Structures are given as structure tokens and as C-alpha cells.
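Hi,

Here is the structure I promised to pass on. Have a look at it first, and then read my notes below.

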Amino acid sequence: MTLQFVKLKSHLPEEELLERAKERAPEFKAIPGLLQKYYVKMNEPGHYGGVYVWDTPESLQAFRASDLAKSIPQAYEVAEAPSIEIMNILFQLRN
């Protein structure tokens with residue numbers, strides 16, 4: 001499995017950001033290979049993130065090339081280039 005952590009800064013108020021995220025959730029649920037996505041709030045104002053758990057690196061790469069992935073900066077009014085970290089999961093504690 002592969003873990004992807006995306007950190008971004010948004011110009012949107014938190015309520016608006018959450019509303020947009022919830023509206024877009026069905027599109028993310030339909031992505032092949034996306035096992036889970038966590039929407040997170042960072043400690044700095046206006047900073048948020050997404051933690052994605054993918055079944056394979058290929059599923060992640062297919063998503064990154066998708067129109068949905070490319071729409072994220074505009075949908076959340078991202079202020080600067082997001083920070084993206086990719087990690088391979090060695091094992092999980094619980095099923």
C-alpha cells in the first residue's frame with residue numbers, strides 16, 4: 001500500500017472549504033484503488049491536508065493524472081503549490 005500526504009494553504013474560510021470537500025466526496029469515493037482518505041486541519045490558520053491510502057502506486061499515479069486531481073487547487077483556492085509526500089506502507093497494525 002502507498003500513503004500520500006498532501007498539505008495545502010487555502011484562501012477559503014474553513015466552513016466553505018469543508019462544504020466543498022463534502023460536495024466532492026462522492027467523486028473521491030469512486031476512485032479505483034483509493035482505500036481511504038482523511039481530511040485534516042493543520043495547526044497553522046488556513047492550512048489543511050489530505051491523507052490518502054492507496055492499494056498500489058499505480059492507482060496513485062492514475063489519480064495524479066486525473067482531472068479530479070488537477071481540479072484540487074482551483075476547488076480549494078490553494079494559495080501556493082501544495083506539499084506532497086509519498087510513502088510506502090511496510091505493514092499495518094490493524095486490519
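This is a predicted model: local features need pLDDT of at least 70, side-chain atom pairs count only at pLDDT 80 or more; totals for chains, interfaces and linings use all residues.

E2 and E3 run antiparallel and are joined by seven bridges.

Zooming out, the sheet is open and has four strands, ordered E2-E3-E1-E4, with antiparallel pairing. E2 and E4 (83–88) sit at the edges with a single partner strand each, so one side of each has no neighbour in the sheet. From one strand to the next, the twist averages 15 degrees.

Now the helices. H1 lies across E2 and E3 and runs at about 180 degrees to E2. H2, on the other hand, lies across E1 (2–9), E3 and E4, at about 30 degrees to E1.

Which residues of H1 are buried? They are Leu-17, Ala-21, Arg-24, Ala-25 and Phe-28. An α-helix has 3.6 residues a turn, so residues three or four places apart point the same way. The buried residues of H1 pack against E2 (34–41), E3 (47–54), H2 (57–64) and H3 (67–75).

As for Ala-25, its relative accessible area is 18%, so it counts as buried, the cut-off being under 20%. Its C-alpha is separated by 9.5 Å from that of Lys-37, 12 residues apart along the chain.

Cheers

How values were computed: Residues are numbered from 1 along each chain as its sequence is written. Side-chain values use heavy atoms; hydrogens and water are left out. Buried means under 20% relative accessible area, exposed over 50%, partly exposed in between (1.4 Å probe, protein chains only). Helices (H or I, at least four residues) and strands (E, at least two) are DSSP runs, numbered from the N terminus. Contact means heavy atoms within 4.5 Å. Two strands pair if DSSP finds at least two bridges between them. Axes are lines fitted to C-alpha atoms, for helices over the stretch in contact, and angles run from 0 to 180 degrees between N-to-C directions.
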